[in-house]
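Visitor: I would like to learn how to read sheets and packed helices. Please take them one at a time.

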Amino acid sequence: MTHVVVAGAGPVGLTAALALLRTGIAVTVLEAGPGLAAESRASTFHPPTLEMLRELGVLDPVLERGLIAPVFAYRDRVEGLIAALDLAVLAGDTPFPFRVQLEQSKLTPILLAEVERLGGAVRFGSPVTSVEQAGTGATATTADGHRVGGDWVIGADGAHSAVRRSLGVDFEGITYPERFLVASTEEELPELLDGLAAVNYVFDPVDWSVLLRTPDHWRVLLPTPDDSTDDVELARLDERLRLIADPGRPWRVAHASIYRVHQRVAASFRTGRVLLAGDAAHVNNPLGGLGMNSGIHDSVAYAAAIADSADAVAAAAADRRRIALEYVQSVSHQNYVRLTATDPRVRADHLAELRATAADPVRARAYLLKSSMISSLRPVPA
């Protein structure tokens with residue numbers, strides 16, 4: 001029986017494990033942490049990802065626990081609502097013409113339960129430190145010296161991937177000049193801002209933001225100067241939040257964190273019998289919710305290819321890298337450029353374009369096919 005070793009028990013690694021098990025392939029997952037990570041940066045599931053989760057048999061609990069969001073909006077800090085785009089226009093393109101808002105930390109327990117039900121082995125406290133290859137297989141070594149061999153190894157161990165580093169694969173790209181601050185708030189933002197959708201991109205030449213709903217909280221994403229400390233930025237968080245909406249008192253903030261954001265793609269997604277997936281292969285800014293989704297797409301593509309042939313694996317790895325470069329990196333960076341534009345004419349032109357797109361069902365469908373990631377995976381009729 002074919003056996004695959006997966007490094008990482010995040011949403012990408014566990015999706016790979018489940019997809020492989022569904023094809024009858026044995027799997028061992030090696031996870032560095034003592035249990036599933038509680039961190040929840042990613043929280044948006046696009047239509048094609050929902051299609052994949054349905055095929056893997058885990059969509060129902062995702063829909064039950066998640067928030068269905070058929071509309072997302074573009075707003076201006078001064079003008080308010082600019083355009084609302086309704087994914088209902090994609091009803092002929094997908095059975096799921098909506099996004100689902102659900103933190104990735106709520107997906108991973110669902111995936112883990114199904115992986116274990118199907119007989120997959122998941123070993124926590126087992127960080128992979130290196131990978132070696134020989135013949136038609138590869139072996140992962142953990143920090144305690146334990147060695148686990150398989151026909152393939154999938155590195156889904158994050159942006160600082162030990163698997164990628166062990167292979168010596170370059171991870172070139174850029175780091176954005178500002179850091180991103182994410183705050184989870186217990187405020188009911190629709191009571192403070194009219195016309196709010198579940199996901200909102202807010203234009204402002206100085207202090208743009210993203211406001212999005214998860215099942216438990218509203219989350220606010222703000223840019224943070226690189227020349228300031230975390231303590232200073234967290235201390236002035238309430239001041240900045242009150243510029244978005246002022247409840248007449250300090251905002252109720254459950255927690256906040258600050259992190260750096262990169263755009264990087266591995267020089268190769270396949271080296272011999274080792275594959276890179278998710279953040280181990282490509283990282284991008286969170287504007288548009290493309291990162292976790294594209295990582296899940298990597299995993300599903302790899303599982304189907306491994307069940308087919310080595311040639312299919314090579315083709316899948318090359319295709320996933322092409323998509324990362326031509327689609328994920330391009331679209332996410334374009335989202336950043338538009339949201340952070342300071343030139344008044346450029347901003348005005350973009351807002352006018354968004355209004356025209358939302359008003360025209362044909363233009364809206366074309367726009368949503370791209371932003372929902374459908375067009376990154378399959379040809380669509382005009």
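Guide: Two strands pair if DSSP finds at least two bridges between them. Helices (H or I, at least four residues) and strands (E, at least two) are DSSP runs, numbered from the N terminus. This is a predicted model, where local features need pLDDT of at least 70, side-chain atom pairs count only at pLDDT 80 or more, and totals for chains, interfaces and linings use all residues. Residues are numbered from 1 along each chain as its sequence is written, and side-chain values use heavy atoms, with hydrogens and water left out.

Visitor: In what order do the three strands of the open sheet come?

Guide: The order is β13-β19-β22, with antiparallel pairing. Strands β13 (171-175) and β22 (282-283) are at the edges with a single partner strand each, so one side of each has no neighbour in the sheet.

Visitor: How many bridges join β13 to β19?

Guide: Five, and β19 covers residues 262-266. In this pair, E172 lies opposite V265 of β19.

Visitor: How are two packed helices described?

Guide: By the angle between their axes and the distance between the axes. Axes are lines fitted to C-alpha atoms, for helices over the stretch in contact, and angles run from 0 to 180 degrees between N-to-C directions. Here the axes of α10 (residues 344-359) and α11 (residues 361-371) come within 5 Å and cross at roughly 110°. That makes the two helices α10 and α11 roughly perpendicular (65 to 115 degrees).

Visitor: Which residues make the contact?

Guide: Contact means heavy atoms within 4.5 Å. From α10 come E353, L354, A356, T357 and A359, and from α11 P361, R363, A364 and Y367.

Terms used
Parallel < 35°, antiparallel > 145°, perpendicular 65-115°, else oblique.
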